[in-house]
Amino acid sequence: MARLTINGEVRDVDADPDTPLLWVIREQVGLTGTKFGCGIAQCGACTVHIDGVAIRSCAMPVSAVAPEQRIVTIEGLSPDGSHPLQKAWAALDVPQCGYCQTGMIMAAAGLLQTNPKPSDDDIRAEITNICRCGTYNRVRAAIKLAAKGAGATQEG
Amino acid sequence: MTQVQSVSRRGFIVGTAAAAGGLSLGFHIPLTGGALAQPVGSPAEVNAWVVIRPDETVVIRIARSEMGQGTLTGLAQLVAEELECDWSKVTTEYPTPGQNLARQRVWGSFSTGGSRGIRDSHEYVRQGGAVAREMLVAAAAARWNAPAGECRASKGVVTHTPTGRTTSYGAVAADASRMTPPKTVALKDPKDWTIAGKPLKRLDTADKLTGKQVYGVDLKLPGMLNAAVKACPHFGGRIASLDAAAVATMPGVRKVVRIDDATVAVVADTWWRAKTALDALPIVWDEGPNRAVSSASIAETLKAGLGADDAFVGTTMGDARAALARGGRTVTADYAYPYQNHATMEPMNATALYTPERCEVWVPTQNGEASLAAAAEAAGLPVDRCDIHKIHLGGGFGRRGNFQDYVRQAVAIAKDLPGTPVKLIWSREEDMLHGAYHPITQARMTGTLDVDGNLTALHMRISGQSILAAVRPEGMQGGKDPVVFQGLNAAGPEGHLGYAIKDLLIDHAMRNPPVPPGFWRGVNLNQNTIYVECFMDELAHAAGVDPLAFRRKLMANHPKHLAVLDAVAQRIGWDRPPPAGVARGLAQIMGFGSHVAAAAEVSVTDGRLKIHRIVAATDPGHMVNPAQIERQVEGSFVYGLSAALYGECTVKNGRIEQENFDSYEVMRMAEMPDVETIVMPSGGFWGGVGEPTIAVAAPAVLNAIFAATGKRIRTLPLKNHSLA
Ligand code: FES
Ligand code: FES
């Protein structure tokens with residue numbers, strides 16, 4: 001048993017302690033917006049926030065997260081897709097297949113938390129998620145667009 | 001099978017179809033992005049392509065699969081254009097392959113590959129829209145007792161021109177469905193298009209930003225179990241022994257299933273538990289007959305083919321052998337291109353529900369009908385007792401077309417658990433070890449230059465693997481694989497060489513190593529373009545002629561090839577020197593029916609490559625959505641340059657060595673250059689856009705690297721070379 005705070009809700013889940021947080025989120029909690037891409041912290045598809053910091057949840061055992069730590073997934077980033085990043089993503093029609101995009105958005109939200117006005121080089125250095133469809137340039141443009149707009153702050 | 005005459009009535013409720021087979025789960029399943037299940041009793045479809053609800057929502061049926069390439073939006077634009085509906089009311093849904101079969105394949109092919117989604121179906125989908133429009137207009141006219149010729153449709157409203165009376169599509173859709181469809185309809189001239197040809201936004205974006213979009217790996221069905229699978233990593237190998245009892249009592253484990261003599265799966269309550277138990281399962285592999293096969297042994301085999309006497313002739317003009325034998329200034333070079341994995345971000349997966357009477361599979365697939373055939377075969381049931389529910393793909397790139405191995409596996413597992421849905425997900429490692437790999441080839445290029453530096457004769461010998469021999473032998477022509485010569489044909493609308501070379505011979509010594517090949521986005525155009533376009537650069541250099549000028553002299557008879565090449569040269573500023581420390585390279589090709597070219601600007605500092613800027617031009621003939629073409633072109637550089645910089649599956653002991661993204665590296669944002677896209681449709685033909693540009697990405701950059709460093713890279717990937 002583990003107690004987690006996900007998107008503002010306290011959840012008790014039945015999972016073995018070394019189960020990666022990713023699979024607890026996807027299978028026990030049932031939030032499937034967080035994706036599995038590699039399982040070894042390489043691709044970023046599984047990015048969520050813990051206390052406002054973007055982490056790769058496939059490489060974090062659920063037992064490493066304390067009950068009071070705030071986990072935010074893509075479903076909790078905004079109630080209705082209205083986070084400045086989501087709006088910028090929609091404005092620029094960023095996704096192709098879309099599979100990597102929730103992780104991209106969560107990684108970008110993590111970046112804006114620490115660096116609200118990132119330069120192109122900041123974005124290139126910080127966003128290391130893999131996209132096989134090739135949306136990188138539009139991801140970068142969307143992050144800059146969101147940063148230009150109203151405060152892109154963390155929620156949840 | 002229950003009634004299938006109306007897809008919309010059937011409502012995509014599994015229970016409807018499954019009830020006859022004894023299953024009555026009766027739950028809604030998620031289908032395409034943005035598609036809404038049609039409630040039972042909704043107004044009938046106008047025709048197979050178009051459903052219009054009383055609230056004016058226009059549901060357009062799409063037979064091809066959306067995997068990120070934008071075909072869903074593009075095909076909907078073509079139907080909507082002729083339908084004269086209100087684009088803001090458009091949504092889409094997938095008919096199932098089973099429904100297609102039951103309706104005499106009214107939706108045509110479901111296959112989504114070869115950049116063919118739009119170019120192969122534009123005519124009949126536009127006709128589908130036009131026929132529906134005529135029926136809607138006729139229904140409105142009948143209500144008014146007016147001749148249909150006095151009525152016009154625009155934005156989903158029918159107007160009786162003489163009286164100004166109007167009605168809406170939603171109001172007359174039910175009547176329209178009972179009208180006799182016209183036998184012939186005229187299609188609009190593309191120059192009159194208002195929806196097609198425009199840079200409209202995709203229809204499937206919103207849910208991808210919130211986590212709502214359901215991919216195959218996300219599917220949840222009541223009572224569903226989860227499976228993880230391992231097949232013998234040695235090609236041709238098998239399971240020598242395994243100890244199922246050792247994991248039987250691990251948490252959540254329900255069953256260990258031996259799928260065949262090389263494959264085993266663990267079924268558990270969650271996927272993580274299934275995978276954990278599978279990793280703990282003691283398995284001894286019998287490495288099989290290919291244990292001695294390695295990258296080095298494969299390279300030797302292919303190398304022998306470079307000089308072999310026997311070869312299949314692809315393209316020939318004049319007498320290249322005689323011309324080369326006459327001598328003159330001869331340039332020769334050997335090139336090599338390695339195995340690649342598709343590495344879609346969403347790993348292979350499928351969910352199957354089997355009973356002795358019926359089998360249904362939910363799967364992200366590029367070819368629903370191939371999935372249906374695989375499911376029926378694995379289930380041992382007739383196809384009309386099976387169906388496939390297509391789910392949005394987290395990438396396809398060719399891996400999810402012909403190859404339905406994951407469908408067969410999922411059905412085999414589900415067959416062991418009748419009545420229980422089972423979701424099979426491959427780990428990334430399984431995906432890397434059991435790809436349908438980009439085939440491996442080498443090429444020997446030999447050319448002669450006359451005293452004026454003109455190319456007079458060229459022999460291109462390709463040695464290596466045939467995809468068709470492995471996956472579609474019925475497509476072979478007397479032992480020859482015509483697909484090997486992609487982009488190298490003397491003529492033809494799919495792709496022909498843009499150079500006039502007096503004495504030309506292109507032939508193929510087929511060498512098929514025991515590594516399964518497949519169609520990998522761009523297919524053989526990828527390496528063929530590297531071979532031809534890098535060698536053109538070598539010849540130009542040997543002749544002491546500018547690479548653009550050298551090519552232009554050979555391209556007078558190929559104005560469309562030349563136009564895209566000129567376009568990128570002009571945009572990058574070829575006639576002016578590059579910025580200090582920067583060098584340029586060019587490449588062009590025709591493939592998948594389109595003309596493409598690229599120009600690259602790179603610098604190499606202390607051995608470190610930086611790609612600064614790419615200019616790409618595409619002439620696809622007709623253009624359905626320029627915004628989506630731009631995205632495909634940009635994405636092509638990520639795919640093509642990932643392969644050029646890093647992509648390589650190496651072989652040892654008859655198996656692939658790379659198991660995840662730590663050893664199979666791909667391009668990330670830090671290396672992504674700016675890409676400027678020129679879309680220059682010249683009309684008159686329909687070319688594809690998802691693949692051709694990949695082919696010019698690598699040679700443009702390799703040629704620029706030569707210009708920067710004097711180093712000619714002839715074997716990929718670049719990571720194996722020092723540029724210092
Ligand atoms: S799935 Fe976690 S980084 Fe790839
Ligand atoms: S949009 Fe497909 S992997 Fe990024």
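This is a predicted model: local features need pLDDT of at least 70, side-chain atom pairs count only at pLDDT 80 or more; totals for chains, interfaces and linings use all residues.

The paragraphs below take up the helix contact and then the cavities.

On the side of α6(A), the contact is made by A:Tyr136, A:Asn137 and A:Arg138, while α17(B) contributes B:Glu630, B:Arg631, B:Glu634 and B:Val638. Sorted by class, the residues of this contact comprise 4 charged, 2 nonpolar and 1 polar.

We turn now to the cavities. Rolling a probe the size of a water molecule over the atoms shows where empty space is left. The count comes to 4 cavities of 30 Å³ or more, and the largest cavity has a volume of about 60 Å³. Its lining includes B:Tyr337, B:Trp520, B:Ile530, B:Gly640 and B:Leu716, and the elements that give two or more residues to this lining are α14, α17 and α18 of chain B. The lining of the largest cavity has 9 nonpolar and 2 polar residues, with no charged ones.

The second largest cavity, with a volume of about 50 Å³, is lined by 13 residues, and B:Trp49, B:Ile62, B:Ala63, B:Leu75 and B:Val125 are those that lie nearest its centre. Strand β2 and helices α3 and α5 of chain B each give two or more residues to the lining of this second cavity, and α3(B) gives the most, with 3 residues. By class, the lining of the second largest cavity divides into 10 nonpolar, 1 polar and 2 charged residues.

Key:
Residues are numbered from 1 along each chain as its sequence is written. Chains are lettered from A and ligands numbered from 1 in the order in which they are written. Side-chain values use heavy atoms; hydrogens and water are left out. Contact means heavy atoms within 4.5 Å. Helices (H or I, at least four residues) and strands (E, at least two) are DSSP runs, numbered from the N terminus. Ala, Val, Leu, Ile, Met, Phe, Trp, Tyr, Cys and Pro count as nonpolar, Asp, Glu, Lys and Arg as charged, and the others, Gly among them, as polar. On a 1 Å grid over the protein atoms alone, a cavity is a set of points where a 1.4 Å probe fits but cannot get out, and a pocket is an open set with protein on both sides within 12 Å along at least five of seven lines; lining residues have an atom within 4 Å of a point. Grid points are joined across faces, edges and corners, and a volume is the space filled by probe spheres set on the points.
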